[in-house]
Amino acid sequence: MSYASTAGHDEHHDQPTGIMRWLTTTNHKDIGTMYLVFSLIMFMLGGFMIMLVRLELFQPGMQLMQPDFYNQLIGVHALIMIFAALMPAATGFANWMLPLQLGAPDMALPRLNNWGFWLLPPAAILLTMPFILAWFGIGDGAIATGWTFYAPLSVQGGIGVDFAIFAIHILGISSVMGSINIIVTIFNMRAPGMTLMNMPMFAWGWLITAFLLIATIPVLAGAVTMLLTDRHFGTHFFDAAGGGDPILFQHLFWFFGHPEVYILLLPVWGFMPQILQTFSRKPMYGYKAQVYAFWGIGILSVVVWAHHFFTAGMPVPALIYFMFSTMAISVPLAVLFFCWIATMWRGSMTFETPMLFAVGWIILFGIGGLTGLVLADVAADAQYHHTYFVVAHFHYTLFAGGIMGIMAGVYYWLPKMTGHMYNERLGKLHFWLTAISFNMTFIPQFFLGLAGMPRRIPDYALQFADFNAVSTVSALVLGLSQLLFIYNIVSCVRGGQKATDRVWEGAEGLEWTLPSPPPYHSFTVQPVIKS
Amino acid sequence: MKDQDRERRRRSIRYGILLGLLALFVYAGSMYYLIWLR
């Protein structure tokens, strides 16, 4: 593919300055930056909460906190990491990179874009405010049901549940608005000559993610609205005492919750092949196969939800259906793994920080996928359900598969965004510390789960003490090593070696035809793609 | 070019409204179905 590009002018018209610039901006790069900064702040906050949890679990017995506060920390940690760290990070990349990759001047609906971002901070405040209110004697703290809101606990819980329901509504509206914007941008703003089947893979990842969000977030919103009416307006949808069905809530929650896993991962699957091809210096392997695999996973993801609660009780045919449909996901996922590895095969590879994260991501996310296959087995799940095996599995999926992928993206695009190279030596140190301490944190949790340690309990039997001590020390190292990441980003934004336009020798795509950093208004005249 | 931009903007807004209605339909439809189910 070749292209003739025209970088736009860099006038700011009557752009306000200071705080008003950020409050009123409709520029996709400004909004992308805000999403990414917000995500980083929330990542550190969610990480801090789980450091406290790990400290409590350092030894058996109760050391630091009451069990109810422990429950609040794990629930809010998960909600923050999923809704306020991972999702906004992917949306931040979409804002920054989709218009640049598609040759568009901006996102299709810029005002909606601004609104979508500014709904996030109030939602984050709502999630965390009950902690502060409890200090002043108001309420009994944040939501203590875990991130899943299971009834009847959530029907009976304190004001933290109401705050979380409101936060989920706002976050959901923000996500749906972001999704609408992304779909419209991909359908309507591509450069002339760029067909759907030759647009960048990142756009494909986000297109399917956005459709999944529109199909499932409103169902979650409906479920928590009904939970709200159960709590305050006399309905009994999920209250068995009034003829309701608590299991119905689990069905509704996971109808959203399972596609949510792919919502978090698909954007990463989108840009990761681009990183692999850049540092392998050869074309991406199996573009079409990857697109079809994305569709296959997207469709399968909405028909497998009940594998999250096999043990809650359901008819045997349903168990068998959900087991096999879940296992079927491994087929398109294996296609993706094959394509990622084949992209590197016989490439002229170098291992700069983004590539280190990308290769580490393939291996660790692979472990997450394989342990998911174990949990999909109904008989095995009867033993592993609600144990630390599940905790380790989904951290391999969401931390290694999601957050480490996002980190690869940050290192890959940071020189393009800021115009400066980051500190490579520090980046590599950050990778190795993260990868080693991550494994040291969660491999022991697989063994704890296999030995029967239940999750979401602040105390445990003496036999689990050693593995928990190792896990806690490693988790602290994992948390502290993220300070290197922040230092590297901040110093890269403030200065450093000047980045070239193309940044990476093997980089392909429209974003690399623009200067680093790109002008405030890019592609005011659309580039023409010549296939 | 400007005409093309105007046309593209209109199309963006049209797509946006349609997708917004789809999201509202899923929200209202799922609750209606569940209330009817009960």
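Look at chain A first: α10(A) passes α12(A) in a left-handed crossing, meaning that the near helix is turned anticlockwise from the far one by less than a right angle (clockwise would be right-handed). Helices here are DSSP runs of H or I with at least four residues, strands are E runs of at least two, and both are numbered from the N terminus. Keep in mind that this is a predicted model, where local features need pLDDT of at least 70, side-chain atom pairs count only at pLDDT 80 or more, and totals for chains, interfaces and linings use all residues. Residues are numbered from 1 along each chain as its sequence is written, while chains are lettered from A and ligands numbered from 1 in the order in which they are written.

Back to the pair. The axes of α10 (residues 287-301) and α12 (residues 330-344) of chain A come within 8 Å and cross at roughly 150°; axes are lines fitted to C-alpha atoms over the stretch in contact, with angles from 0 to 180 degrees between N-to-C directions. The two helices, α10(A) and α12(A), are therefore roughly antiparallel, the word for angles over 145 degrees.

Now for the chain-chain contact: 18 residues of chain A and 15 residues of chain B take part, with contact meaning C-beta atoms, placed from the backbone, within 7 Å. On the side of chain A that touches chain B, α7 (159-188) and α8 (201-232) of chain A each give two or more residues.

As for chain B, it has one helix and zero strands.

Methods
Contact = placed C-beta atoms within 7 Å. Parallel < 35°, antiparallel > 145°, perpendicular 65-115°, else oblique.
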